[in-house]
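Please open the structure in your viewer and keep the selection tool at hand. The stops below say what to select next and what is there.

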Amino acid sequence: WFSDDGEGYDLLLANQDGLSEPRHIEIGESNMAWDVTWSPDGERIAFVDDDVRVRVVEVESGDITTADVGGTNLERGGMGLTWSPDSRWLAYSRSFPNNYRRVMAWSVESREALPLTDPLADATSPAWDRGGHHLYFLASTDLALGSGWANTSSIAADPTYAAYVMILRSDDPTPFPLRSDEEEVGREESEGEARGQAREADAAGGEEEPGEGAEEADVRIDLDGIQERIMALPMPVRRYGMALAGPKGTVFIGERVENEPGMTLHKFSMEERETDVFARGVSSVSISRDGEKMLYRSNGRWSVVGTARPPEPGSGALQVNLRMQLDRMEEWRQIFDEAWHYERDFFYDPGLHGADWNAVRRRYRPLVAFVRHRADLTYLLDQVNGELSVGHSYVGGGDYPEVERNEMGLLGADF
């Protein structure tokens, strides 16, 4: 995790039991981190920093490499960093001068960032198939310009996206070979024999353990002709916003449905060439490293379920009741320091409108010792922000005690 020690953010590593002393790794000129993700072999951690640099940390040595740089700071938190199953490639999307995003792959061995998709399509949300031979992603060819959000006559495009699969190796066959529509003679008999053989195998050696006999992924990307090896999944074009790899040969696609909360999560199977609705109202989702389990939040409730089939209503529900002990005085000091750092590191004008920012800190920080209520801290931070002489810079939020609220009725008339 990343933590502010009072002078800036460091990457901290510790055992999951929380009993060991954390190891600090400095992140250099980076001031903040988004999209933090471990490589499957545990040797590297990738993240996107405040200057939209894709950075890779070598866990053992602490060395940091800048793999690539995004197009705009709007991409922070949305580049979708994801490691290949063999930890040799890092995939993500970033924008180019035409404002379209392309799916990229950074090689651990060559240290090169390679564009994989067409420059005239807006491609995003890469997801490696666990078999190592395919890469899923979303792309739109009807993306359009829109006027700025602050304009009184704001016009925004509402693009739709299709789901695609990229065949990474030039010598691999298509995942969707042609199927004959002729009836297969003796099919029922062969299926019955297969079921009998499966029962005999179960009786002899039991069921195969998860992961047992699984083929180890070896990702190879043949760039020559790779854009001719991109195929659309047989799914309708809709307002998709997310792709996540499931078990080998499957991918989960998140769809934003109008007038419905959260996303509708679809599961697509390459073998069956079919899509099933897996869950609705999904606001957050994460899949285990082996693809067998999913943690997701739907309608405000967290659940852990298997990825093999859609979950039954209420299955895998988690009772989340987290409590923590807080030293309010220490918390308020940390909030003050971090707010000061935020303005120093993220204010649009490096000169901070002429303010001596170190002097501002020296003037106001001693007053934190006299804060006795969250509203006091908000007032103090407002004074700090005022030193910048800028509009649209606000202070809000925080933990306030619950108090009884009495609503007052007003006279009126129904027509």
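**Stop 1**

Select leucine 322, which is exposed, with a relative accessible area of 77%. Buried means under 20% relative accessible area, exposed means over 50%, and partly exposed lies in between (1.4 Å probe, protein chains only). The model is a predicted one, in which local features need pLDDT of at least 70 and side-chain atom pairs count only at pLDDT 80 or more, while totals for chains, interfaces and linings use all residues. Residues are numbered from 1 along each chain as its sequence is written, and side-chain values use heavy atoms, with hydrogens and water left out.

Leucine 322 sits in the loop between β21 (301-306) and α2. Helices (H or I, at least four residues) and strands (E, at least two) are DSSP runs, numbered from the N terminus. Patch residues have over 30% relative accessible area and no salt bridge; like charges are joined within 9 Å, and nonpolar side chains (Val, Leu, Ile, Met, Phe, Trp, Tyr) within 5 Å. Accessible areas come from the Shrake-Rupley method with a 1.4 Å probe, and for residues only the protein chains shown count as cover.

**Stop 2: a charged patch**

Select Glu271, Glu272, Glu274 and Asp276, which gather in a surface patch of negative charge. Asp and Glu count as negative and Lys and Arg as positive; His and the chain ends are not counted. The place of a charge is taken as NZ of Lys, CZ of Arg, CG of Asp or CD of Glu. Glutamate 272 belongs to the loop between β18 (263-269) and β19 (274-287). Its relative accessible area is 45%, so glutamate 272 is partly exposed.

**Stop 3: aromatic pairs**

How many aromatic pairs does a search of the whole structure find? The search finds eight. Rings of Phe, Tyr and Trp (its six-membered ring) pair if their centres lie within 6.5 Å; planes under 30 degrees apart count as stacked, over 60 as edge-to-face and the rest as tilted.

Select phenylalanine 2 and phenylalanine 47, an edge-to-face pair with 5.4 Å centre to centre and 65° between the planes. Phenylalanine 2 is in strand β1 (residues 2-4) and phenylalanine 47 in strand β5 (residues 44-49), so the pair ties together parts 45 residues apart in sequence. Both phenylalanine 2 and phenylalanine 47 are buried.

Next, select phenylalanine 252 and phenylalanine 278: their ring centres are 5.0 Å apart and their planes at 80°, so this pair is edge-to-face. Strand β17 (residues 250-256) holds phenylalanine 252 and strand β19 holds phenylalanine 278, so the pair ties together parts 26 residues apart in sequence. Phenylalanine 252 and phenylalanine 278 are both buried.

**Stop 4: salt bridges**

A search of the whole structure finds 24 salt bridges, each a side-chain nitrogen of Lys or Arg within 4 Å of a carboxyl oxygen of Asp or Glu. Select aspartate 51 and arginine 53, whose side chains meet in one of them (3.4 Å, N to O). Aspartate 51 has 44% relative accessibility and so counts as partly exposed, whereas arginine 53 is buried, at 13%.

Finally, select aspartate 337 and arginine 361, which form a salt bridge (3.4 Å, N to O). Aspartate 337 lies in helix α2 (residues 328-346) and arginine 361 in helix α3 (residues 357-364), so the pair ties together parts 24 residues apart in sequence. Aspartate 337 and arginine 361 are buried.
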